[in-house]
Amino acid sequence: MKSRKFEIWTVISVVILAAFLLFMVYPMFGLLRQSVETPEGEFSMQNFAEFFSKPYYTVTILNSIKVTIAVTLVSLVLGIPFAYFYSFYQLKGSKVLFVVSILCCMSAPFIGAYSWIMLLGRSGVITNFLKSALGITIPSVYGFKGILLVQSLKFFPLVFIYMNGAFKNIDNTLMEASANMGCTGVNRLFRIVMALSMPTILAASLMVFMQAFADFGTPMLLGEGYQTFPVLIYNQYLGEVGQNYNFAAALAVIAIIVTAMVFFFQKWATGKFKFSMNALHPVEKKKPRGITGLLMHLYCYLLIAIAFMPQLYIIYLSFRNCSGAIFKPGFSLMNYHAAMNKLLVRSIRNTTILGVSSLAIIIVVAVLIAYLVVRRSSAMNNVIDTMSMLPYIMPGAVIGLSLLIAFGKKPFALTGTLTIMVIALVIRRLPYTIRSATATLMQISLSVEEAAISLGASKLKTFVKITIPMMANGILSGAILSWVAIVTELSSAIILYNNRSITLTMSTYAAISRGNYGLAAAFAAILTVVTIISLVIYLAVSKTEDVQL
Amino acid sequence: MRKHGRNRRNSGGESSKRKGNETVSVTISIKHALKKYGENVIIPDLSLDIREGEFFTLLGPSGCGKTTLLRMIAGFNSIEGGDFFFSGRRINDLDPARRNIGMVFQNYAIFPHMTVRKNVEFGLKNKKLPAAEIKSKTDEFMKLMQIDQYADRMPERLSGGQQQRVALARALCIEPDVLLFDEPLSNLDAKLRVEMRTVIKNIQHSVNITTVYVTHDQEEAMAVSDRIAVMNAGVIQQVGTPRAIYQRPANLFVSTFIGRSNVMKGHLAVEDGKVWLVTGSGHRAQIETVQEQYKKDQEVVISVRPEEFLPCADTTVDGIPAVVDDCVFLGLNTHYFVHLDSGEEVEIIQESSLDNVIRPGTQIKLQINTEKVNVFSADGSVNLLYGVKSDEAAE
């Protein structure tokens with residue numbers, strides 16, 4: 001507004017910018033530098049040369065891209081019809097479908113992978129049952145197919161939630177107008193409904209691609225010979241073949257280049273569909289009839305049951321007797337007793353501390369940045385806005401690695417502390433919460449704040465008493481999902497954790513990788529229950545079906 | 001009605017004089033205001049004096065800079081040049097929160113997370129008044145605006161008209177020096193708009209607070225205003241009472257923007273000291289109101305309001321030959337759409353009579369009421385007649 005010499009918001013801009021420089025740009029720079037150095041610290045492109053000269057390495061990036069594109073397509077193919085049936089027809093028990101979908105996409109992916117191994121793996125229940133009862137040998141769940149199965153089932157609900165939002169914004173009069181001009185049924189579905197939803201389809205595709213590409217747990221557990229990029233980075237960093245930070249850094253740089261390319265391709269594609277919708281008359285849901293209606297119900301319930309089955313099965317397993325990797329007949333709480341001895345209390349305490357403090361920082365920073373970007377647009381604030389989107393294209397493993405390089409040695413020796421975990425989690429989730437806070441603030445008319453000022457309220461008072469309460473709904477809906485994502489975070493945490501800063505997710509993963517399957521089931525069950533409770537609280541509080549991710 | 005301007009906190013500065021027990025409301029004086037967005041000049045050089053207690057309207061097409069000017073007065077837009085005074089006190093650098101203005105916004109800007117009562121008392125709380133006074137004032141103004149029965153409702157459960165009343169109560173109860181309205185009725189339906197403009201006018205008269213009102217609706221402006229400033233492209237075209245502006249518009253823009261005008265080409269002919277107005281089709285009529293300095297032969301633009309034509313079915317009389325194309329019966333009035341033999345199309349309004357409707361296709365003669373018509377220079381920039389009043393700002 002006016003040119004003032006000194007203003008609190010300028011100070012906030014500078015502080016945020018400094019924090020970004022320290023916690024994002026500096027580690028990124030360190031990563032970049034390491035990638036072009038030899039372990040002895042001399043400049044060299046040998047890391048990149050080595051990567052591109054050996055098929056052992058190059059194949060991983062092809063693997064990652066192949067499986068991620070396949071997962072994205074399958075998720076769209078599964079999720080769009082699901083969303084269509086849900087949004088345009090009165091399905092029975094639609095609330096259940098909705099809640100379970102959110103539960104599916106908010107669970108930690110590697111728990112799904114682990115559970116599917118228990119079901120369809122070499123000695124999985126279903127595998128054994130089919131073999132002994134019917135003599136059928138089912139195809140292996142390991143490798144490409146396994147990753148595709150687990151990730152698709154995990155990510156199609158994400159597509160569903162996105163598409164549901166888009167379908168709700170289609171004005172019924174558009175549907176009626178196209179019917180008037182003789183365009184109905186499947187024709188209308190593709191020419192009107194899908195065409196209008198293209199921006200959302202692209203947004204959902206990007207989201208699925210980024211998450212699937214960065215997913216570390218699923219390919220680690222299920223990939224076996226089929227090595228993907230995050231797994232390669234992790235192995236280079238901590239692998240059996242010996243550590244090579246420089247090579248791992250080079251891999252991280254390549255990963256960022258891939259995701260950045262995908263990100264800009266998506267932006268370019270979205271630019272071709274520039275229109276916005278806001279339905280005055282949302283489409284009225286029709287009653288599904290006859291055999292078609294039955295098939296719709298069958299499709300939705302079967303799909304959601306398959307997607308949710310692993311989580312239920314884990315809870316069931318957690319009560320089974322177990323010794324090492326073998327589940328025995330009979331039920332008991334022995335797995336939970338074992339968990340108590342294995343840092344359960346510390347895991348829960350760390351998870352809570354991490355979750356609460358990261359979330360608090362994320363909310364405060366996101367609200368401030370949204371306000372700076374929307375209400376006080378300036379060159380510096382635009383730089384902050386652009387920088388805040390940077391983590392969007394950085395896979396979790398890359399963030400973990402870059403923080404490790406930056407803060408692994410003096411003067412910032414933070415490795416193994418909860419602080420560095422908080423930093424990683426804040427960086428990971430910040431872009432999402434900023435997006436939802438910015439979107440919320442943009443919808444709030446500036447004149448409401450001006451009204452407060454004209455009534456004698458100071459700018460700070462207006463911000464606290466008017467702006468923040470009005471943003472609260474939008475921020476909360478984003479925050480609780482961030483909370484769940486923080487609690488189930490694996491890919492960056494696995495590089496940064498140690499025994500002192502272990503979390504529930506890490507305990508689960510550690511138990512799985514050590515072959516303590518009963519123990520793993522107990523940890524996973526607790527994690528699942530925490531997720532479910534968080535989401536139930538969220539749905540009860542927000543009373544809305546508009547979930548922002 | 002009682003005066004609500006009484007005992008107002010005197011933030012208008014030393015120049016707010018007191019007459020007996022009543023504060024005289026402030027004057028607003030704008031000198032050489034300049035507004036730019038980057039290199040884009042919105043308001044080049046605008047001066048304006050608004051009198052105390054006056055209901056003053058800024059009227060103009062969208063994009064003419066009227067809302068920009070209002071927001072400069074409110075303090076929400078920066079001022080690139082010139083000076084703004086409230087009763088002689090310069091306010092350019094005064095924080096908007098300290099200008100003691102009551103503002104009503106186009107979208108009402110009701111705080112959606114507060115009840116009606118909380119909305120109304122918000123400004124009083126910022127003044128740190130005692131709780132009892134806040135309560136009594138809030139009650140008083142909610143009652144005045146007839147929203148006291150909704151005091152504990154959330155705004156989303158109010159209709160547009162009720163929200164508008166909340167916005168008004170909220171702006172009024174801080175007893176502001178100046179009331180600002182930014183197109184406050186444009187989100188209401190036609191019937192409510194007429195009702196609310198009466199409410200706004202009556203309240204303004206009873207509280208007697210200097211008011212600046214922005215609208216693009218000329219009928220609304222005429223209905224509520226003491227005086228109107230017609231703006232176009234950041235420049236004030238004319239300032240005056242609704243009657244002065246309607247009857248003697250300063251230029252062609254004002255003439256066509258306020259009310260309906262038929263615009264025809266013509267010329268002035270001076271013969272033996274008498275001035276004749278000659279239409280494009282050659283019809284001559286004597287006109288006596290041309291200013292002395294413009295009494296010479298010249299091309300002009302003639303602006304005739306639809307009610308200033310007199311159609312005659314008798315074609316033998318003197319007048320402009322015309323043919324009726326269409327007639328529309330609207331109850332009180334009947335509108336005729338006719339074309340002249342010069343090809344120009346004009347609209348005529350006549351009070352409906354019981355039987356003598358002129359059928360489409362009929363040849364008629366049009367006479368012009370030369371006392372009422374306006375004659376502009378060929379470029380439309382200046383009215384050539386006596387009686388044009390535009391209140392210039394004092395230097």
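Predicted model: local features only at pLDDT ≥ 70, side-chain atom pairs only at ≥ 80, totals over all residues.
Chain B exposes about 17,600 Å² of accessible surface, and carbon and sulfur atoms supply 48% of that area.

Taken along the principal axes, the C-alpha atoms of chain B fill a box of roughly 80 × 50 × 45 Å. Within chain B there are 8 helices and 22 strands, and of its 395 residues, 53% are buried. When contacts in chain B between residues at least 6 apart in sequence are considered, 67% of them join residues at least 24 apart. As for charge, chain B carries 48 positive and 51 negative side chains, and the centres of these two sets lie 10 Å apart.

In chain A, attention can go to one feature of the surface, a nonpolar patch formed by A:I8, A:V11, A:V15, A:L460 and A:V464, which together have about 420 Å² of accessible area. The elements of chain A that give two or more residues to this patch are helix 1, spanning 8–35, and helix 21, spanning 459–487. Helix 1 of chain A provides the largest share of the patch, namely 3 residues.

One of the patch residues, A:I8, can be followed individually, and its place is in helix 1 of chain A. Is A:I8 buried, partly exposed or exposed? Its relative accessibility is 45%, and because the partly exposed class lies between the limit of under 20% for buried and that of over 50% for exposed, A:I8 counts as partly exposed.

Conventions:
Residues numbered from 1 in each chain as written. Chains lettered and ligands numbered in written order. Heavy atoms only, no water. Patch = residues over 30% accessible without salt bridge, like charges linked within 9 Å, V, L, I, M, F, W, Y side chains within 5 Å. Areas by Shrake-Rupley, 256 points an atom, 1.4 Å probe, with all protein chains shown as cover. Salt bridge = Lys/Arg side-chain N within 4 Å of Asp/Glu carboxyl O. Helix = DSSP H or I, 4+ residues; strand = E, 2+ residues; numbered from the N terminus. Buried < 20%, exposed > 50% of the residue type's maximum accessible area, 1.4 Å probe, protein only. Contact = heavy atoms within 4.5 Å. Lys, Arg positive; Asp, Glu negative; His and termini not counted. Charge placed at Lys NZ, Arg CZ, Asp CG, Glu CD.
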